[in-house]
Amino acid sequence: MSAVSPLAVPPDALFGVGNLPYGVFSTAADPRRRLGVAYGDHVLDAGAAARATGAPGGLAGLLGAPSLNPLLAAGRPTWRRARAALTEWLTAEQHRAAVEPCLVPLADTTSHLPFEVADYVDFYASEHHAANLGRIFRPGAEPLTPNWKHLPIGYHGRAGTIVVSGTPVVRPCGQRKAPGDPAPVHGPSGRLDIEAEVGFVVGTPSPLGSRVALTDADDHVFGVCLVNDWSARDLQAWEYVPLGPFLGKSFATSVSPWVVPLDALAYARTQPPARDTAPLPYLDDRAARPPYGLDITLEVRLDGHLIARPPFAAMYWTYAQMLAHLTVNGASLRTGDLYASGTVSGPAPDSRGALIELTWNGEQPLALPDGTRRTFLEDGDEVVISATAPGPDGTRIGLGAVAGRIEPAR
Ligand code: CA
């Protein structure tokens with residue numbers, strides 16, 4: 001037998017030993033949902049590996065669950081123990097014979113939602129995105145609202161319509177009314193858009209009436225995924241004043257199938273951009289060591305064509321500030337809470353994470369290689385958002401893509 005071992009993963013693999021993201025998978029041969037860890041071109045059946053290596057019962061129970069939630073709830077010391085165990089199983093020669101049979105080719109797997117989503121919050125943390133939308137919708141006025149540099153703005157979204165990558169997205173219907181129209185009409189959205197975002201998955205809950213300090217954020221945040229906050233701009237424009245986004249966004253929100261542990265992003269820590277407005281003390285992270293910014297580079301592809309490379313390092317508000325603000329009124333956290341960053345947009349025109357910015361509200365259509373043009377999404381369009389970040393020893397880690405194709409309205 002000269003077959004290459006699935007444990008022989010090259011150092012430049014995006015799912016290398018420095019990453020080890022968790023997901024939930026099944027196969028045609030075994031339709032049970034189970035916890036997996038992406039490794040090279042394979043998925044490690046985590047529960048099977050725990051049993052095969054004789055892991056302690058507690059750890060085997062968490063990794064043998066059909067969802068990430070039990071591990072999420074177990075807390076950071078257990079997250080570290082699980083990561084150390086997985087690293088050993090995948091790299092130590094003594095485990096090779098036991099672990100190899102637990103690896104399934106990635107191509108043979110079906111991904112499921114990796115965790116049961118509790119509450120979902122979406123922020124608006126990119127200054128470039130917020131300023132661009134301000135210029136588009138309030139020309140002549142200050143691009144940012146007066147509160148923007150004092151607090152991370154967000155809204156509560158719909159947890160029940162969060163779907164895993166690959167789930168088709170049906171074009172939503174709803175009310176819309178352009179400024180010149182005499183009355184609203186009901187029908188399919190004509191301005192369906194994307195928002196390329198980074199999502200943060202909460203593991204450890206917090207009690208009602210308490211706050212999570214900036215410095216405690218890493219005790220609660222388990223890891224990171226990619227999010228596409230599909231947005232019907234015409235529905236949104238007519239409904240969002242005065243209470244914010246509602247049906248223009250709640251029809252579907254896609255997440256990547258892999259949750260990258262925060263520990264895998266230790267080499268991606270970076271200083272957030274300089275703030276020109278002093279934050280209130282509970283949001284003041286200017287002396288934080290290590291910093292809470294993350295150097296994650298997103299790539300957005302429309303029908304296979306790269307249309308943007310949004311830099312998460314350019315985000316004004318960090319994940320720790322978002323969490324501190326989310327809980328500053330005493331709101332509790334639940335295991336499985338997901339909070340997303342808001343559209344990631346950088347300063348350059350090709351670093352904007354939404355079509356509304358990339359086409360400047362449809363005024364500047366994108367030219368695709370097949371000769372067609374896009375302002376907003378057409379039926380049949382597929383959007384894939386992927387991302388990488390620095391890993392150990394000059395390597396890069398991948399976040400796993402979030403994909404979705406638009407189906408016609410029903
Ligand atoms: Ca959003």
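The structure is a predicted model, in which local features need pLDDT of at least 70, side-chain atom pairs count only at pLDDT 80 or more, and totals for chains, interfaces and linings use all residues. Residues are numbered from 1 along each chain as its sequence is written, and side-chain values use heavy atoms, with hydrogens and water left out.

**Pockets**

A pocket is an open set of points, on a 1 Å grid over the protein atoms alone, where a 1.4 Å probe fits, with protein on both sides within 12 Å along at least five of seven lines; its lining residues have an atom within 4 Å of a point. Grid points are joined across faces, edges and corners, and the volume is the space filled by probe spheres set on the points.

The largest pocket holds about 670 Å³ of space. It is lined by 31 residues, and those closest to its centre are Tyr 124, Leu 133, Gln 236, Tyr 240 and Pro 245. Two or more lining residues come from each of strand S6 (120–123), helix H6 (127–137), strand S7 (154–156) and helix H8 (233–239). Here helices (H or I, at least four residues) and strands (E, at least two) are DSSP runs, numbered from the N terminus. H6 supplies the largest share of this lining, five residues.

The second largest pocket has a volume of about 260 Å³. Its lining includes Phe 137, Arg 176, Lys 177, Asp 181, Trp 238 and Asn 361. For this pocket, the largest share of the lining, four residues, comes from H8.

The linings can also be described by residue class. Ala, Val, Leu, Ile, Met, Phe, Trp, Tyr, Cys and Pro count as nonpolar, Asp, Glu, Lys and Arg as charged, and the others, Gly among them, as polar. The largest pocket is lined by 16 nonpolar, eight polar and seven charged residues. In the second largest pocket, the lining divides into five nonpolar residues, one polar residue and six charged residues.

**The calcium site**

Four residues coordinate the calcium ion at 2.2 to 2.3 Å: Asp 122 (OD), Glu 195 (OE), Glu 197 (OE) and Asp 229 (OD). Donors are N, O and S atoms within 2.8 Å of the metal (3.2 Å for Na, K and Ca); water is not among the atoms, so sites may look incomplete. Along the chain, the donors of the calcium ion follow the spacing D-x72-E-x1-E-x31-D. Glu 197 belongs to strand S13 (residues 196–202), while Asp 229 is in the loop between strand S14 (221–228) and strand S15 (231–232), so this pair ties together parts that are 32 residues apart in sequence. Both Glu 197 and Asp 229 are buried. Buried means under 20% relative accessible area, exposed over 50%, and partly exposed in between (1.4 Å probe, protein chains only).

**Backbone features**

| Residues joined | Omega |
|---|---|
| Val 241 and Pro 242 | about 10° |
| Arg 289 and Pro 290 | near -10° |

Pro 242 lies in the loop between H8 and strand S16 (253–255), and Pro 290 in the loop between strand S18 (269–270) and strand S19 (293–294).

Positive phi values also occur in residues other than glycine. Trp 360 has phi near 45° and is found in the loop between helix H10 (355–358) and strand S23 (366–367). Asp 393 has phi near 55° and is placed in the loop between strand S25 (382–390) and strand S26 (396–398). Asp 393 is exposed, with a relative accessible area of 77%.

**Aromatic contacts**

A pair of aromatic rings is described by the distance of the centres and the angle of the planes. Rings of Phe, Tyr and Trp (its six-membered ring) pair if their centres lie within 6.5 Å; planes under 30 degrees apart count as stacked, over 60 as edge-to-face and the rest as tilted. The whole structure has 10 aromatic pairs. In one of them, the rings of Phe 200 and Tyr 319 have centres 5.2 Å apart and planes at 20°, so the pair is stacked. Phe 200 is in strand S13 and Tyr 319 in helix H9 (residues 319–327), so this pair ties together parts that are 119 residues apart in sequence. Phe 200 is buried at 0% relative accessibility, and Tyr 319 is buried with a relative accessible area of 0%.

The rings of Phe 200 and Tyr 339 have centres 5.4 Å apart and planes at 25°, so this pair is stacked. Tyr 339, in strand S22 (residues 338–340), is 139 residues from Phe 200. At 1% relative accessibility, Tyr 339 counts as buried. Ring pairs link Phe 123, Phe 200, Tyr 292, Phe 312, Tyr 319 and Tyr 339 into a cluster.
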